[in-house]
Every structure is written in C-alpha cells, then in structure tokens.
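Visitor: Please take a close look at one part of this protein, the cluster of aromatic rings, and describe what surrounds it.

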Amino acid sequence: MTDTILTNGIKDRAGQNGYFKKGCNPLALTGRSKLQNERASLNQQIIRQMRMRAGAENLLRATSNNKVCDMVVLELSYINSNLQLLMEQLEGLNSSVEVYQNIQETSSIPLIPLGLKETKEMDFSVSFKDFILEHYSEDGSSFEEEIADLMDLRQACRTPSRNDAGIEILAKYFSHIPLLESRFFSATRQMGIFFTWYDSFTGVPVCQQNVSLEKASILFNIGALYTQIGTRCNRQTGAGLQDAITAFQKAAGVLHHLKETFTHTPSYDMSPSMLSMLIKMMLAQAQECLFEKIALSGIRNEFFSLLKMAHEAAKVGDTYDQVHQSMSQTPIKDNVPFFWSTMAQVKTHHYRSLAHYFLATALLDHQLRPSDDEDQQEKALSQAYDAMPDGRSPLDILRKIEERRQIGKAHLRRAVIGHEEGLRIHSLCRHLRKLDVLQAILQASHNRSLAKFNDNNREDEFTDYLEAPDIISKTEHKAEMETPMSTKVKVTDFFRRLGPLSVFSAKQRWTAPRTVRLRLEDRDLGFTLRGDPVPVQVTSLDPLCPAAVDGLKEGDYIVAVGDADCKWMVVSDVMRLLKDVDEDGIDIRVVSLMDSGLPMVRSALCATYCGGISKTYSMICLAFDDDKSPKGRKVTKKGSFLSWGVKNHLKSSSTLSLPTADYSGTLPWNKPCPTFPSSSPYNDSALY
C-alpha cells in the first residue's frame with residue numbers, strides 16, 4: 001500500500017538512470033495509485049456518456065418526427081442510467097478510505113482523504129512555438145527543451161508521491177503558472193490551449209482557456225495530497241499524530257486560500273460552499289488527532305484528568321456535528337458521498353458518548369475525600385455544564401454519594417444510547433460496514449459503557465431517571481488552519497532566454513528586431529544607454545548620428561550586440577562589448593515597444609455541469625482528446641544580475657526603471673515608448 005519507486009529502464013534528462021522525476025512515480029503499484037487509475041477511467045466513461053447525451057439532446061430539439069423522438073427519449077433514459085451508475089462508482093472510490101490509511105493502523109478510527117483531481121495531458125509545443133515566433137520574433141524550435149521541461153513537470157503533477165516530495169512538485173508547477181501566464185497568455189488573443197479538469201466528486205469535465213482553472217486545480221490537489229499524507233501517518237506514535245495534525249491543518253489552509261483567491265471556480269468541487277465544508281472536515285480530523293495525541297500516553301483515572309478528557313471528546317463530537325450539518329445543506333448533500341456524511345454522524349455520536357463516559361467515571365469512581373481540594377472540584381464540575389442537572393448545586397453533587405451515582409448513571413445511559421445510535425447509523429452504509437476497525441472500536445466502546453452502567457445499577461431501584469445535560473465542549477489545543485509555505489516556491493523561469501519578464505511579456509507588443517550599424521564619430525556613439533533594470537535602453541539619441549540615420553530610435557531596447565544576446569545584460573556589460581568598436585563599426589539588434597491598446601477579448605466561458613441538476617453543458621470540453629507529451633528535464637537556477645548604467649563611456653547614467661505596465665493606447669504604433677521614473681526598488685519579476 002505504500003508509494004514505491006519502480007525502475008523504468010529509461011534515462012531521464014537529469015541523468016538518473018532508471019528512476020522517475022523526484023516526487024512522481026506514474027508506475028507505482030500502490031492501492032492509492034490503483035484507485036486514481038480507476039478514477040481516470042471513470043472520468044473518460046463519464047465524458048463519453050455526456051457526449052452521447054449532448055448529441056441525443058441536440059437531435060431531440062432538431063427533429064419533429066414522433067418516432068425519432070420516442071427513440072431518442074429511450075436512448076436518453078439509458079444514457080442517464082449509465083451516468084448514474086458511473087457516478088455511484090465514483091462515489092465508491094471516494095468512500096474507499098482504507099487504502100489511504102497507514103498499514104500499521106489496527107486500533108484507530110479511519111480518516112477521510114480527498115482524491116486528486118484528474119486532468120488530460122497537455123501539449124504546449126505548437127501554441128508556444130507559434131507565440132514565441134509571432135510575439136517575441138524568436139525561433140520557437142530553439143525552445144523545444146524548455147517546452148518539454150514544462151510538459152514533463154505538468155505530467156509529473158498527475159501522479160505525485162504521497163510525501164513532501166510530491167507536495168514540492170505540485171508547488172513547483174503552481175509557482176511556474178504565473179510566469180507562463182505573463183509570458184504567453186494575453187488578454188488580446190487566445191492561445192488555443194484548453195485546460196480540462198475533472199470534478200473529483202461527479203467526474204464531470206470542466207474545460208477553459210483561462211489559466212486560472214489550472215492554478216485552482218493544482219492548488220486543490222496540493223490540499224488533497226496533504227489530506228492523503230495525514231491519513232498515512234502512524235497515529236500510534238506521538239510523532240505520527242503530530243504529522244497528521246500538521247497535514248490536516250495545512251490542507252485546511254490550502255483549501256481556505258483556494259476559496260479566498262479563486263472566487264468563481266467553475267468546478268463544483270471547488271465551489272465556495274463545498275470548500276467551506278471540506279475545510280471544516282479537515283479541521284475536525286485535525287481535532288480528532290489532537291484528542292488521540294492527548295490520550296496516547298494513557299488517561300489517568302483521576303477526577304480532573306477525566307473531566308478534561310470529557311471536554312476534549314465533546315469538542316471533537318461538536319466539530320463533527322458541524323461537518324455533518326454542513327454536508328446536509330443543499331446542494332452539497334446531492335454530491336457528497338453518503339459514506340462521508342454517515343462517518344461524520346457516527347463520529348459525532350461516538351465522541352459525545354465518550355465525553356459522557358469520562359464524566360460518569362469521574363463522578364462514580366472518585367468520591368470527595370477530606371484531602372481533596374473541594375473548591376477546585378466544585379469549580380471544575382460547575383464548568384462542565386451550561387446548567388446543573390435538576391438545579392442541583394455542584395457542591396451538593398460532590399458531597400453526596402447518592403447524587404454522584406444518580407448523575408453518573410444518567411451520563412452512562414446517554415453514553416450507551418449514543419454508542420447504540422452510532423452502531424445503528426454505521427450499519428446503514430455498506431461502505432462503512434467494510435471498515436472492521438471502526439466497527440470493533442464502536443462495539444468495544446459500547447460494551448465498556450454498558451458494563452459500567454450495569455455495575456452501578458441496582459435491581460431494587462425504582463426512582464425516576466435523571467436526564468444528563470450536555471457537556472460543554474472546550475479544548476486546550478484547538479485545530480487551526482495553517483497556510484503552508486510550500487505553495488510559494490522560488491523557481492527559475494523556463495523561458496528566461498526570452499528576456500526579463502517585466503519587459504518581455506505577453507502584455508507588451510514589440511516590433512521585429514532591427515539591425516543597426518554603429519560607427520564611432522569622435523569616439524562618441526551619439527546616444528546614452530540606460531539599464532536599471534535590464535535590458536539596456538537607448539536614451540538621449542542624437543538625431544543626426546549615424547545610428548539614428550540607420551534606424552535607431554530613442555527608447556529602443558538593445559537585445560544583441562554582434563552575436564552576443566544582451567537581454568539580461570546591464571549597461572556596463574553592453575558598454576564592454578561596444579568599447580572596442582573599430583572604424584568599420586558593429587551591428588546591434590534593437591526592438592521597439594508598440595502600443596498595446598487593443599480591444600479586450602473576453603475569455604471563453606467555462607463549461608459547467610452538476611450531476612442531477614439541469615444546466616447548459618458546452619460541448620467545447622467534449623471535443624478534445626488526450627495528447628501525449630515528451631519527457632522533460634530539470635531546470636537550472638538563474639544567477640543574480642546588477643542594475644547600474646554608464647553614460648558615454650565615462651559618465652553615470654540615470655537609474656530610472658523601465659515601464660512595466662500596459663500603455664494607455666494613446667501612442668502611435670511606431671512611436672518610441674517614453675520612460676518614467678520609479679522610486680520603488682527593482683523586484684525580480686522572473687522569480688515567483
């Protein structure tokens with residue numbers, strides 16, 4: 001059941017013979033990977049049935065032949081039945097929690113993980129090459145390795161290992177997406193790239209050209225992988241419990257960040273209501289692990305210790321009750337697996353019954369002695385309830401043995417009833433009945449409470465039974481959302497060779513590179529260079545100098561001197577290349593910024609569908625088949641660079657930064673772009 005590395009006999013680009021990219025293993029033979037493969041297969045079957053249904057619905061609208069209409073209606077009923085069966089199978093996968101648990105777990109209640117969202121393979125090569133040629137006037141084929149690296153990284157994100165290395169690989173790709181968005185995705189044109197992701201609950205595909213779907217889905221998978229890491233931890237040790245607590249708190253933090261950042265996600269599993277429920281469930285599971293950590297070393301059979309455990313157990317029960325209530329709301333209840341809501345109900349009854357058992361034990365087994373601190377016990381007992389049973393005072397209950405016995409029995413009665421209700425609900429779900437560990441724990445807890453009740457019961461007792469009040473839930477260690485730093489990884493831009501991202505982005509439009517011949521006149525080039533930040537820009541151009549006559553314009557950016565690429569060079573580096581210019585001169589290549597004030601083009605609307613709810617479903621996400629992507633290679637880190645200038649070989653140039661924002665559209669297309677002063681320090685926009 002563990003994630004194992006299998007040899008594949010292929011030498012990857014990192015030079016490691018026989019192993020996959022770190023943090024990924026698509027051929028790992030684990031129970032989790034088998035479930036994920038089944039999920040991918042179900043997704044394909046669901047989309048196939050939806051294509052058939054869309055075609056049948058179109059035919060039904062187009063025909064007026066009654067016989068054809070009857071045949072189409074019959075076919076639609078058959079397709080809808082198939083879809084219902086497929087979604088039930090997908091629900092069964094979401095209910096298969098046993099393969100996610102630690103293999104050493106034999107006495108802990110199973111926890112619920114999230115399955116990873118599935119996606120189709122992507123081929124960026126054609127679109128990116130065309131965009132590089134058209135927008136950046138570079139040879140797109142020279143970036144084949146970078147594109148392959150990107151595609152390989154995305155493919156690796158489909159099968160992340162269940163550990164920190166898997167989180168790292170997802171976070172790495174997530175950090176690359178904003179860089180890709182700035183490089184290639186412009187509001188003035190469509191790339192023709194469709195991102196397709198499948199809903200983790202319904203299996204329904206959602207397709208968009210908007211890269212926001214890609215970012216949101218990767219972020220969801222980071223949170224889902226944290227839940228799988230949490231369920232894998234060994235909860236029989238203190239370190240394992242702490243790791244589980246951290247993992248579930250980080251999962252809640254990632255899902256909360258997703259909810260707050262991407263407010264209009266088209267996929268139902270990433271809707272605000274669903275994410276709110278998932279956050280509550282992750283925090284409830286973290287609170288459960290906190291309770292187990294407190295009880296791990298053993299529960300002392302002592303008055304104050306038992307009261308503390310009663311409060312802690314009541315806290316876990318209340319958190320799961322909130323989760324169940326959230327799952328019962330429309331439309332969440334229509335898509336959440338029945339297994340999940342049943343598990344939340346069972347845990348609510350189980351932990352509330354434990355709270356009553358602990359408080360009953362404190363009252364029955366520990367009579368007030370002269371050596372005990374009466375004031376402290378009175379204060380502790382008064383804080384156990386909102387209102388004392390039958391108006392009794394805490395001190396009377398503590399001092400009178402019969403009062404303690406009666407109230408203790410009332411708590412035991414509620415414990416027994418609660419455990420019986422938990423067992424009854426457990427028997428209603430066929431997936432829960434498969435969890436032998438859960439049934440054994442519920443039955444053992446019920447037997448323990450029932451035995452203690454019988455030990456304190458008298459056959460000749462005919463007094464009216466008291467109703468034990470609810471126990472106040474409180475904890476010394478509340479589970480809190482934790483935003484992991486791993487979602488923000490510093491990465492090196494795959495397409496760094498295109499130039500600084502602050503200038504060479506999809507937002508800016510450029511002229512094709514022009515070649516200008518530089519010749520010296522009285523040891524003066526006739527212009528000033530400025531490069532803070534890079535690239536180097538031409539300023540103070542003498543309109544009568546040979547360079548201006550040859551086509552150089554003020555505001556041009558120097559991208560090459562001779563055969564040397566200058567996009568990342570500072571002024572001193574460029575001047576070093578120009579200082580030895582002979583009488584024949586040297587060729588430089590320059591580009592001019594064009595006006596980018598084109599009319600905005602709205603992104604294609606996303607396709608959205610929820611099972612069982614009548615909505616319009618766009619066929620755009622049904623028209624594309626899976627693509628294959630080549631293997632990738634690792635990237636290297638980018639070195640730092642300087643930002644200072646030189647004027648006319650001798651004088652320092654002004655340290656003005658280049659404009660990075662979109663222009664208002666008031667400048668003519670061929671007019672050089674003006675520069676503006678900036679007081680803010682330079683931020684390396686190529687790093688995320």
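Guide: Ring pairs join Phe124, Phe128, Phe131, Tyr136, Phe143, Phe184, Phe185, Phe195 and Phe495 into a cluster. Rings of Phe, Tyr and Trp (its six-membered ring) count as a pair if their centres lie within 6.5 Å; planes under 30 degrees apart are stacked, over 60 edge-to-face, and the rest tilted. The model is predicted, so local features need pLDDT of at least 70 and side-chain atom pairs count only at pLDDT 80 or more, while totals for chains, interfaces and linings use all residues. Residues are numbered from 1 along each chain as its sequence is written, and side-chain values use heavy atoms, with hydrogens and water left out.

The whole structure holds 16 aromatic pairs. One of them is Phe143 with Phe495, a tilted pair with 6.2 Å from centre to centre and 35° between the planes. This pair links distant parts of the chain, 352 residues apart: Phe143 is in the loop between helix 3 (125-135) and helix 4 (144-156), and Phe495 is in the loop between helix 15 (436-455) and strand 3 (509-510). Helices (H or I, at least four residues) and strands (E, at least two) are DSSP runs, numbered from the N terminus. Phe143 and Phe495 are both buried, where buried means under 20% relative accessible area, exposed over 50%, and partly exposed in between (1.4 Å probe, protein chains only).

Phe495 also pairs with Phe184, here edge-to-face, at 4.8 Å centre to centre and 80° between the planes. Phe184 belongs to helix 5 (residues 164-184), and 311 residues separate it from Phe495. Phe184 is buried as well.

A charge is found at Phe143: the charged end of Arg497 sits over its ring, 4.1 Å from the centre. The criterion is NZ of Lys or CZ of Arg within 6 Å of the ring centre and within 35 degrees of the ring normal. Elsewhere, the charged end of Arg448 sits over the ring of Tyr357, 4.5 Å from its centre.

Two strands pair if DSSP finds at least two bridges between them. Thr196 stands opposite Cys207 in strand 2. Six residues lie between the two strands of this hairpin, and Gly203 in the turn has a positive phi of about 75°. In strand 2 (residues 205-208), Pro205 and Cys207 point one way and Val206 and Gln208 the other, and all are buried. In a regular strand, side chains alternate between the two faces of the sheet.
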